[in-house]
Amino acid sequence: MKKIIISDLTLREEAKRTDLNLSFKEKLEFARELDRLGVDVIETAPLTGKKADTLLIRTLAALIKNTTLSCPVGMDVKSVEETWQAVKDAAKPRLLISLPVSTVQMEYVIHKKANVMPAFVEELVSAAKALCNEVEFSAEDATRADPELLIKIIETAINAGADIITICDTAGKMLPGELAEMIADLYEKIPALKDITLSVQCSDDLNMATSCTFTAIRAGVGQIKVASAQGANPTLDNISHVFHHRGDSMGIRCGIDMTGIHRALTRMSWLNVNDADSSNNRSASAEMALGEDFIIDPSADRASVDTYVARLGYTLSEDDLTRVYAEFTRVAANKAIGSRELDTIIASAALQVPATYELQNYVINSGNVMRATANINLIKDGNVLTGLSLGDGPIDAAFKAIEQILGHHYELDDFQIVSITEGREAIGKALVKLRSNGTLVSGQGISTDIIGASIRAYVDAVNKIVYEENMI
């Protein structure tokens, strides 16, 4: 099954729009959400000479762990070096050269004639490839370019080291069949395209961007451009929906977490707040979306609460749902309940089981000049089981030590720590959500030590999983 690369260009397009104007924090939170969701590439806006631009890219480079960070360069070799200095520390950096290739756009945007464009492309791509292992050349307005010139420019970019070539239907006037014919023609006339990744960026001027995108996939492209905000590009929502329902039949897949896409899109819904709203209202919507997926009316009936439980991804028995609703009504007598609070209620009320594993003790070593280590002892059937592991931080090390004892890795769906009392001796509550064979299970732990609370929450979730497996 062919893996299709998903490249999100929301942050790049945001710089051109007046209705988004995201804050620094919102951009970071948005990128973090895409990274968690499994989007392959995040495209940033180009550097404009402002210190804030460089700071954003460097911060994203340190923040993003799994996703490629793609940064557009400017129109000269100097900008290639400046962009590389900003993005070079990313786990997966990419430099993007994006140039118009139609006659009108070349002369209007960059004031260059067709005869000098191949040499210009070669200069920029070669400079980028000398610095970065992964380079993309994006041919803007390619569907209105002179076919012979387009072929020459693409061949030049490939020979100069481009790993990805993007064909842009900037005007958005191509029909799906026409785009397929164009891609087939390019593959026929440029044999080297078969050795790199061909990509498309479709505009939605005719409301056919999603259709054109999947037609291009059928024609052989390996990367597609999407946007999480509604606008001129196919949306991540629509694209993921097609992958979910037709990916198998088309023989394609993507890296998007289909079980988490709904929640992620809910958390990012503030991107599509109408521009008639004030910036303060939009910011408030962003904070709400990033903090809670939903707020439940305290008077909600059993069926409504069951629906919210399902939205969080849980599949509970009738008995567990009854216990969750009983606890909900007790807690909701004093306040409204958000998604995080409902998570905690589920962890405390659902699937209460005898403990297969009990925490005996733990030792954690951590500091800023050493890797964290965890030594954990669990008791099972009267026997002491020991796990010792390194990790990227004390909690990561602790979880890995527990996995060593179990001899099994569970997917960590979510992890939260909150303070439930105040002061220096505050009590912390941890919530751990694990996924086993597609089923979501949560556990909670309470302690004045947040690491201890986290360990107890993980063991609590594991006990529920083991109990269910033994019941089968």
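How many bridges join strand 13 to strand 14, and do they run parallel or antiparallel? The views below take up this pairing, its sheet and a pocket of the predicted model.

**View 1. Strand 13 pairs with strand 14.** The two strands are joined by 8 bridges. They run antiparallel. Strand 14 covers residues 370-380. Across the pair, Leu-359 stands opposite Leu-378 of strand 14.

**View 2. Three strands, in the order 13-14-15, form an open sheet.** Pairing within the sheet is antiparallel. Strand 13 (358-367) and strand 15 (383-391) are the edges. Each has a single partner strand, so one side of each lacks a neighbour in the sheet. On average, neighbouring strands are turned by 10 degrees against each other, direction ignored. Strands of a sheet pair through backbone hydrogen bonds.

**View 3. Helix 16 packs on the sheet.** This helix spans residues 394-406. Helix 16 touches strand 13, strand 14 and strand 15. Its direction makes about 135 degrees with that of strand 15.

**View 4. The second largest pocket holds about 380 Å³ of space.** Its lining comprises 17 residues. Closest to the pocket centre are Pro-46, Leu-47, Pro-72, Val-73 and Gly-74.

**View 5. Helix 4 gives the most to the lining of the second largest pocket.** Helix 4 runs over residues 77-87 and supplies 3 lining residues. By class, the lining of this pocket has 6 nonpolar, 7 polar and 4 charged residues.

Methods
Residues are numbered from 1 along each chain as its sequence is written. This is a predicted model: local features need pLDDT of at least 70, side-chain atom pairs count only at pLDDT 80 or more; totals for chains, interfaces and linings use all residues. Side-chain values use heavy atoms; hydrogens and water are left out. Two strands pair if DSSP finds at least two bridges between them. Helices (H or I, at least four residues) and strands (E, at least two) are DSSP runs, numbered from the N terminus. Axes are lines fitted to C-alpha atoms, for helices over the stretch in contact, and angles run from 0 to 180 degrees between N-to-C directions. Contact means heavy atoms within 4.5 Å. On a 1 Å grid over the protein atoms alone, a cavity is a set of points where a 1.4 Å probe fits but cannot get out, and a pocket is an open set with protein on both sides within 12 Å along at least five of seven lines; lining residues have an atom within 4 Å of a point. Grid points are joined across faces, edges and corners, and a volume is the space filled by probe spheres set on the points. Ala, Val, Leu, Ile, Met, Phe, Trp, Tyr, Cys and Pro count as nonpolar, Asp, Glu, Lys and Arg as charged, and the others, Gly among them, as polar.
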